[in-house]
Amino acid sequence: MTSDANNLFEIQNGWLVFAEQQKSPHFTPREDVADISLLVVHNISLPPGKFGGPYITDLFLGRLDADADPYFQDIYQLRVSAHCLIRRDGTVVQYVSFDDKAWHAGVSSFEQREKCNDFSIGIELEGTDDLPYTREQYQQLVCLVAKLQESYPLISHNNLVGHCDIAPGRKTDPGPAFDWEYFRNCLQSMKESSQ
């Protein structure tokens, strides 16, 4: 990974300029953008364990067809979103401005502070807890996180967590398949090479 890759991610008014944008209605304005201090890594696949297709975007946009798969009967009315999705091939889709609250964390707590949506950015990786993520996903996640840390400097390396860390017992993602050590080493290498 090179520092040049980080240049692909330019943020204007909370939006990635070069990413696909699919604007979700499921968000809340933030009270204080300067309070953004946490990044949460999630995973999602719809139907579970299947990749590709429109269903993740459909869910986040509130238009999931309940009849497209039996699993969707229980989730099609959910009002959820994330700031971004990184697909298996590395494609980045943004649903909510980073300056607004996406509805990704649910009941959650980080360092004794409740309601993580209020002060966090949520990034979904297309995947499951137990299937390895792709090299392209790690590369894009590293570049995106590096840019987010530039734009929102309170997101320190200690404030990069999984959904499982802020909702233990309720959530397990991104799961044991996510290589935190590799991710953090790549992020550190990118930062050092750009100095």
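Modeller: Start with pLDDT, the predictor's confidence in each residue, from 0 to 100. This is a predicted model, where local features need pLDDT of at least 70, side-chain atom pairs count only at pLDDT 80 or more, and totals for chains, interfaces and linings use all residues. Residues are numbered from 1 along each chain as its sequence is written, and side-chain values use heavy atoms, with hydrogens and water left out.

Colleague: What pLDDT does the chain average?

Modeller: The average is 95, and 96% of the residues score at least 70.

Colleague: Where does pLDDT stay under 50?

Modeller: Where pLDDT is low, the predicted coordinates should not be read in detail. Here that applies to residues 1–6, where pLDDT stays under 50. The model has 16 contacts beyond four places in sequence for them; contact means heavy atoms within 4.5 Å.

Colleague: Now the sheet. In what order do its strands run?

Modeller: Strands (E, at least two residues) and helices (H or I, at least four) are DSSP runs, numbered from the N terminus. Two strands pair if DSSP finds at least two bridges between them. Six strands form an open, mixed sheet here: β3-β7-β6-β11-β5-β12. β3 (20–21) and β12 (160–162) are the edges; each has a single partner strand, so one side of each lacks a neighbour in the sheet.

Colleague: How many bridges join β5 and β11?

Modeller: Seven, in the parallel sense. Ile44 stands opposite Glu126 in β11. β6 and β11 also pair in the parallel sense, over three bridges. There, Cys84 has Ile123 as its bridge partner.

Colleague: Is β11 buried or exposed?

Modeller: Buried means under 20% relative accessible area, exposed over 50%, and partly exposed in between (1.4 Å probe, protein chains only). Seven of the seven residues of β11 are buried, so this strand is largely enclosed by the rest of the structure. Ser120, Gly122, Glu124 and Glu126 point one way; Ile121, Ile123 and Leu125 point the other way.

Colleague: Which strands does α3 touch?

Modeller: α3 packs on the sheet against β5, β6, β7 (92–94), β11 and β12. Its direction makes about 170° with that of β11. Axes are lines fitted to C-alpha atoms, for helices over the stretch in contact, and angles run from 0 to 180 degrees between N-to-C directions. Twelve of the 17 residues of α3 are buried. α5 lies across β5 and β12, at about 160° to β12.

Colleague: Which residues touch the most other members of the largest nonpolar core?

Modeller: In soluble globular proteins, nonpolar side chains tend to be buried together. A nonpolar core is a set of buried Ala, Val, Leu, Ile, Met, Phe, Trp, Tyr and Cys residues joined through side-chain atoms within 4.5 Å. The largest has 31 residues; Leu39, Ile121, Ile123, Leu141, Leu144 and Phe183 touch the most other members. α3 gives the largest share, eight residues. Another core, of 15 residues, lies apart and includes Leu46 and Ile56.

Colleague: Which peptide bonds are cis?

Modeller: Most residues other than glycine have a negative phi, and most peptide bonds are trans. A cis bond joins Leu46 and Pro47, with omega about -15°. Another joins Asp173 and Pro174, with omega about 10°.
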